[in-house]
Amino acid sequence: MVAAMVVPLVGRVSARLARDITVVAPAVALGCAVMALRVALDSGPWHYHLGGWAPPWGIEYVVDPLGGGMAVLVALLATLVAIYSGPYLRALSPRRAAVFNSLFLLLTSGLLGITLTGDLFNLYVFLEISSLAAYGLLASGGERAVVATFRYLLIGTIAASFYLLGLGYLYALTGTVNMADLAMRLPAAGGGSAMTVGVVLIVVGLAIKMAVFPLHGWMPDAYTYAPPPVTMFIAAVMSKVSAYALLRVLFFVLPPTGAVETALSVLSWVAAGGVLAGSVLALAQTDVRRMLAYSSVGQMGYVVLGLSLGNAAALTGALLHITGHAVAKACLFGAVGSLPRETAQADVAGFAGASRRAPLTMAAFTLAALSLVGIPPTAGFFSKWYLLQGALEADAWPFAAVLLVSSLLSAVYFFRIIERIYFAAGPAPAESDRSRRRPEVSLRSLGPVLTLGAVVLLIGLFNGRLVTAVIRHALPEL
Amino acid sequence: MSLIAGGQLQYVLAAALLLVGLYGMLVKTNFVRKLMAMNVMQVGVIVFFVSLAVRTGGTPPIEIEHQAPGTAVAYANPLPHALMLTAIVVSVSTTGVALALLIRIYRRFDTLDEAELLDRLRE
Amino acid sequence: MIDVLVALLFLLLMVVCAVAALRVKDLLAAVIIFGAFSFFSAAFFVVQDALDVAFTEAAVGAVITTVFFVCAIRRTTPRVRWIGRRQRGSYYEPLALLLLVPALVVLLQAAADLPPVGDGASAPFTHVAPYYIEQGHEQTGASNLVTAVLADYRGYDTLGELTVIFTAGVACLLVVSGKDGGSPRQGQGKGVRFGVGSPVIDAASRLLVPFMWLFATYVLVHGHESPGGGFQGGVILAASIILLRLVRGGERRSAFTSNHALTLACAGPLLYGGIGVASLLFGGNFLDYGALPLPLDPTEVRVIGTLGIETGVMVGVTGVLVLIFDTLASWDDGTV
């Protein structure tokens, strides 16, 4: 029990902090998360009453396989990104680096808090912690980043306010904000338009945070201009946690009434649109990071599609995709970010011949890219497979078609890059480099990227195990 | 209107504030105005919650000492109040960060207007 | 009946101010009107029996937010500050209306389904809240039920809230200090050109500050029994420091530097979390004050625990607000 409490508390950071704590803390959190997940899987979800007050009067943490799994994912990525950001931070003044680390830890604790809490208002508080930390981190990438972040701030605040207001409606109908309590009382509260409005508000708020099409406008700019470690972490994790929150609310809190069903079917069409739009827009980009951002829009569309189809296979696919995509995107952004300074231009042209200059990094990149396209035996293939199954089960032929078409599209834009990496002739390394026999990139940057690439492969290879051991238990009863 | 009779006019006004805020954020080009609109919107949400906590003929949720036993006092609901305290703090935090961002934007681009900024970015 | 009318009056004033703030041509005037908006909000909250909310809104919304806004735009040129006819001012009005008018209709519809304002039989009043109302005083020792909820029953939320504002402070630090810059105070240049220069104001503020400190401490400690608590106390304390900054000419002339502010800002949450961890170590759940081994009866232990965390809140809030102010105010140092 104590262990789980330490997990979200890692954000207590002082100004004079050394870099090392930033790495150690998420690692500790990771350990705790894994432990917590184990317990949840073995003996069922466990509840922790903060302040010693039982819900619904107090706030509780609920660790079930779903939340525990997400926590593990977040903590793992946080640890890896913390290692990765080492070289980047060395270039900054110590004070600035300390502030950066502080924000990073705050972001991590905010996200972990979201995954573990059983109280909807508490979720809002942690959502804001994560958002504010994210704004600070994203804006540190230079002037354009500041503009993008400001826009994100405005939209993000609208989203959070919607969520809060929706929560208010639900509270008005039931008198509680505890998730389990709400689940019990909402069916009895009748419904009518107040409930519908509440549901819609919460869903829209979370959807904006997830960058679901067509509310995704803030995302490409924000991801493109932020510093590499930041994008790596945020792209991988933030929308996933919001997706988790959506999943929680839709399936664990709200009753399966008319309002929710309508919301789900609207979502499914929107998601399908997003998948296509994301893929098409990604094609049009020359800057790799922007392309990856649009690809994320599409990928989150898959997740929402899975959520909205609502059957076991689709949900499994969605959860598997969340995991796989988080890892893969982190790997991709990490690889892009770690390219040597000469190729600071992150456009496709700059990748020419990269396989010679950074062979390992590019191998990981390719692996992750393949996963996003959906080629076996990477993780992406299996998650799409489940999604496809789910779509067919639900007789949703148009969606199945969308899945296939978008996979083709993503194949196009990724192979474009892969081709340049391996087959194009790149600029010869500078004389000084050759004489110094410069290593590829520093180990700190390389390690995490390689690890992530490997994980992508592992998830794919062992996906059966993953599904039966963890994901099956995380699914809601349907 | 039935809404007024039903004692729900406050919700309407809260909604009005919310929408005024949203409108301001979408329509105005000046960033500072957008921020103010954002705050208005957030206050709208707070008004909503506070309205939920009101008790007709009630009193603020602070226990009155020395009551004769058996008297029931109608207190306002303390839970939304506590939640909204948090919301106010969140609101000022966000505003602070937003203003810091604005200062950077102004320093670099010499404008606080979105339309102008987009023009300058395109150059 | 009369208070319903008064409440509605204030609401109307709020809406008027909000609209005015968005339409006035001079940004500085708009900010002041926005301050009035906050003030009327606070008044509205008072009439609605939401005293703690009113207090916080008045202190935080009307004062701090306004000060922050003014800080941020004071160094902008009039060209930027005056929305004249040259600039468009707004766009896509029909599009926004297209979205918002149906939204208004929907919200009106939904309002009909909500429990009428003041209804004592509605869900919020029959579930959870009665427990707080009936047991709150006995269990937590606080007469102020809002404090009971905030600091004890939902103490974890308050820790989160403190973290939110702390995060904002840290984020501001990172944002304003520029790409490779140092702290906000490193610029040697013109410095923050505050300093009103009038001996009257200087003397008046010097008189005022000790009272502010006293009041802040009172608000903190008495938050148990009357509206108030750590947040409000912290805001008042921060306001007194900001006042001195405004009058005396800036952060570099003050004994309480940005670094001190940062330390305070960190110390606050650490204290709060520390109490929580202490509870853990003594066998209870996190933030369960009852577990603290103090030689007092259970309710009093909770009171002490609450006081402890509220102090943490106050310290933290003071530090963060001064930090944010310094960050916003020192930007014309030329620190890039």
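User: Which backbone nitrogen does a side-chain oxygen of A:Asp119 reach at the start of H5(A)?

Analyst: The general idea is the polar contact, a pair of N or O atoms within 3.5 Å; within protein, one must be able to donate a hydrogen and the other to accept it, and residues adjacent in sequence count only if both atoms are side-chain atoms. In this predicted model, a side-chain oxygen of A:Asp119 comes to within 2.9 Å of the backbone nitrogen of A:Phe121. Helices (H or I, at least four residues) and strands (E, at least two) are DSSP runs, numbered from the N terminus.

User: On what conventions do these values rest?

Analyst: Residues are numbered from 1 along each chain as its sequence is written, and chains are lettered from A and ligands numbered from 1 in the order in which they are written. The model is predicted, so local features need pLDDT of at least 70, side-chain atom pairs count only at pLDDT 80 or more, totals for chains, interfaces and linings use all residues, and side-chain values use heavy atoms, with hydrogens and water left out.

User: How many residues does helix H5 of chain A have, and how many of the residues of H5(A) are buried?

Analyst: The expected span of a helix is 1.5 Å times one less than its number of residues. Helix H5 of chain A, residues 120–138, has 19 residues and reaches 26 Å from its first C-alpha to its last, close to the expected 27 Å. A residue is buried under 20% relative accessible area, exposed over 50% and partly exposed in between (1.4 Å probe, protein chains only). In H5(A), 19 of 19 residues are buried.

User: How many residues of chain B are in contact with chain A, and what area do chain B and chain A bury between them?

Analyst: The size of an interface is often given as the accessible area lost when the parts come together. Buried area is the accessible area (1.4 Å probe) that two parts lose on being put together, summed over both, and contact means heavy atoms within 4.5 Å. Here 35 residues of chain B are in contact with 29 residues of chain A. Chain B and chain A bury about 2,900 Å² between them, with 82% of it on carbon and sulfur atoms. B:Phe48, B:Leu101 and B:Arg104 supply 18% of the area that chain B buries against chain A, more than any other three residues.

User: What are the corresponding values for chain C and chain B?

Analyst: Chain C and chain B bury about 8,000 Å² between them, 74% of it on carbon and sulfur atoms. The contact takes 98 residues from chain C and 81 residues from chain B. The rule finds zero salt bridges and five residue pairs in polar contact. Helix H3 of chain C, residues 51–73, gives the most to the side of chain C that touches chain B, with 12 residues.

User: How many helices and strands are there in chain C?

Analyst: Chain C has 13 helices and zero strands. Of its 336 residues, 59% count as buried.

User: Where does C:Asp49 lie, and what is its phi?

Analyst: Most residues other than glycine have a negative phi. C:Asp49 is not a glycine, yet has a positive phi of about 65 degrees. This residue lies in the loop between helix H2 (27–47) and H3 of chain C. At 13% relative accessibility, C:Asp49 counts as buried.

Note on methods
A salt bridge is a side-chain nitrogen of Lys or Arg within 4 Å of a carboxyl oxygen of Asp or Glu.
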